[in-house]
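Open the model in your viewer and have the selection tool ready. We will go stop by stop.

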Amino acid sequence: MSPAHLRARLPAPNLLVWLVFGVLAILCLILRDDEKWLVKYPKDWMLPIEAGLEFLMDWFTANFKPFFRLISDVLEWPMRGLQALLQASPWPVTIAIVAIIAYAAQGWRLAAFCIASLFYMMIVGYWDESMSTLALVGMSVPLSLMIGFVMGLLGFQFRWARRVIEPTLDVMQTVPTFAYLIPILILFGIGPVVGMVASAVYASPPMVRNLMLGLQRVPDNVIESGQMSGCSAFQLLFMVRIPAATHTIMIGVNQTIMAALAMVIIAAIIGGFADIGWEVLSTMRKAQTGQSLLAGLVIVLIAMMMDRISRGFAERTGEIHVRRSGNYIARHPWLSSMATAVVAGTLLSWAAPVFSAYPEAWIIYPAEDLNQAVSWFTRNFFDTTDAIKTYTLYFFMLPMKAGLERIARPGSWGFEMTTMASVIYWVILVAIGGLAARLGGWRSVVAVALLGILFYYGASGTPWPVFVVAVTLIALQVGGWKVALFAFLGMAFMLLSGAWPRAMLSFYLTATSVIICFVAGGALGIWAAQNDRVSAVLRPINDTLQTMPLFVFLIPVVMVFLVGDFSALLAIIMYAIVPAIRYTEHGIRQVDPVAIEAARMMGCTERQILWKVRLPLAIPEIMVGLNQVVMFALAMLVIAALVGTKGLGQWVYDSLTNARFGQGVIAGGSMALMAMIADRIIQSWAASKKRDLGLST
């Protein structure tokens, strides 16, 4: 046989590597009961990372704590002043100013929505708490924009700065929100400044990225025009580039505002400011569902108002022209209208006390009615909700967590996992693998085998060498040796720091929610891409879900299903399903019409066009959606710690409660590493698919 024929009959190098991995995996699974270290990483092999971090933080605190406390005192004065101003201002003045700003952004419909939202806050008695939240946002957003503007300019002007800033932004956007509070709490102390500083740091990355992107995308002819006009480098930046990039920058402002608002709500855990976030948290802890619903709706309305106003200004960039002639009122109509509103509202408040402070007798607070409605629902639909919860837990979540071998019992699954049952399971898995080989090749067999091992042994029972090698191989074959090295080092950090068991619990909950989001969201995205009416219905729902702060998702699920992993799963799904829907619909709708027309001319049915043309060509966009689903799920995971989940999220929350900096860095860093590993693998896979499909060079 010739060497060419021999090479053709040998397995592909990638397949050969997986065959070697299969032998290693089988060996580890056989020895796992005798060699306990294969499942539980020995403590003797760990490094004192937490102690080292605590030592560094203690040294830093001892030397620089007075400086940060001085900054805290300086920042608290204007924030307290803004809070007092908003709470003391007559409510007609506040409503009128917000309505005028909303009208300038998007017209009368948004103005009407803002007026109705503010009236709701006043009628239910949450006006002061809402103004406190607006004061926090009003201080943190300018700080975020300032930090983002400086970092964005540095990243644009200097390549060395961009090389430092971009990975820093990756870390900042993947570290859990609670982890931000730990060092800031230690340095600044308990109080509202913690929330403001944490919000300013957390919310700055969108501004940085959009500023750099906007400045990079300024057309060359615009820059050349500025140079020909004799502009200096300073004038070219501030009088040409930045005005030309205003639209992209305003999108960054919108995202910064939403991130700051989300962080302010989370920072309510620190307390001390009597804002609406603290109201939601305290009522949730007391299981007061009616009260938490009313307060949660305030958060949603604030988020929707700020999102739509900032988005409206971003979309209208370039349409608003300042008049250079006429009197002051003609040149500045919106400022004049707001000044008039302030004068008229102040006079009204002097004339009638009702316009100064909303009377308590007029407050409508239907919390008890809502509590009774919730009680009625839980009593009458308990069997249904309990069945949904039980079946999902026993037949999907618990096997992913602890493994079918430990979960299968006669009372739940109807059988015991005996030797014969195990043999039957593996025979079925081999049959599924054979079918996958016929449909999708050896890579599909690898996917089936990995999922089969995970379902049988669970995330907590799978030997860590099997998991580490599997993820490293996937990263190597998808993204190359750099991605593989990053994945390996990230998992090594989790092992050496002692975070591995909790990381696997977080992985199980994240993987479970991502699978459901990807399947359900993908199906909805396909439906929306095929039906404009469905798309029109889903669009406002998606907008609302992406606008709502993370806290709010916990309220309805805890109200119906109480605390636990299932409630956390539902909250994660509600938040993370949106990218799967949007990117799937967008990818399918953006498929080249020429390819679709060619398929029709070949006699393909609409079903064949969908499965053979649209979906394959939309895979890169769909994978970007999967990437975002993973990011959203991990972001929600730390919030889900509030409803009793275990894992890294709970570890972060515990570190915040006990002010343990080292533990918080390890837990938050582990979650960030999980997000970054998934991000790099999925992005590399999407890029390779684009190259295979000829969609990119």
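**Stop one: a buried valine**

Select V137 and show what surrounds it. Beyond its neighbours within four places in sequence, V137 is in contact with P142, L261, V264 and M306. Keep in mind that this is a predicted model. Now color the helix around the valine: V137 sits in α6, residues 127-157. Is V137 buried or exposed? Its relative accessible area is 2%, so V137 is buried. V137 and A303 lie 166 residues apart in sequence, but their C-alpha atoms are 11 Å apart in space.

Move to T289. This residue belongs to helix α15, which covers residues 289-315. T289 has 18% relative accessibility. The cut-off for buried is under 20%, so T289 counts as buried. Which residues does T289 touch, leaving aside its neighbours within four places in sequence? They are N371, V374 and M559. Zoom in on N371. The side chains of T289 and N371 make a polar contact at 3.0 Å.

Select α5, residues 108-123, together with α15. These helices pack at an angle of about 155 degrees, and their axes are 10 Å apart. An angle over 145 degrees counts as roughly antiparallel, so that is how α5 and α15 run relative to each other. Their crossing is left-handed.

Show the side chains where they meet. From α5, pick L110, F113, C114, S117, L118, Y120 and M121. On the α15 side, pick L294, L297, V298, L301, I302, M304, M305, R308 and I309. The residues of this contact between α5 and α15 divide into 14 nonpolar, 1 polar and 1 charged.

**Stop four: α4 against α15**

The crossing of α4 and α15 is left-handed.

What meets what here? I101, A102, A104, A105 and Q106 in α4 meet R308, I309, R311, G312, F313 and E315 in α15. The residues of the α4 contact with α15 comprise 6 nonpolar, 2 polar and 3 charged. Finish by selecting R308 and I309: they are listed in the contact with α5 and also in the contact with α4.

Definitions and conventions: Residues are numbered from 1 along each chain as its sequence is written. This is a predicted model: local features need pLDDT of at least 70, side-chain atom pairs count only at pLDDT 80 or more; totals for chains, interfaces and linings use all residues. Side-chain values use heavy atoms; hydrogens and water are left out. Helices (H or I, at least four residues) and strands (E, at least two) are DSSP runs, numbered from the N terminus. Buried means under 20% relative accessible area, exposed over 50%, partly exposed in between (1.4 Å probe, protein chains only). A polar contact is a pair of N or O atoms within 3.5 Å; within protein, one must be able to donate a hydrogen and the other to accept it, and residues adjacent in sequence count only if both atoms are side-chain atoms. Contact means heavy atoms within 4.5 Å. Axes are lines fitted to C-alpha atoms, for helices over the stretch in contact, and angles run from 0 to 180 degrees between N-to-C directions. Angles under 35 degrees count as roughly parallel, over 145 as roughly antiparallel, 65 to 115 as roughly perpendicular and the rest as oblique. A crossing is left-handed if the near helix is turned anticlockwise from the far one by less than a right angle, and right-handed if clockwise. Ala, Val, Leu, Ile, Met, Phe, Trp, Tyr, Cys and Pro count as nonpolar, Asp, Glu, Lys and Arg as charged, and the others, Gly among them, as polar.
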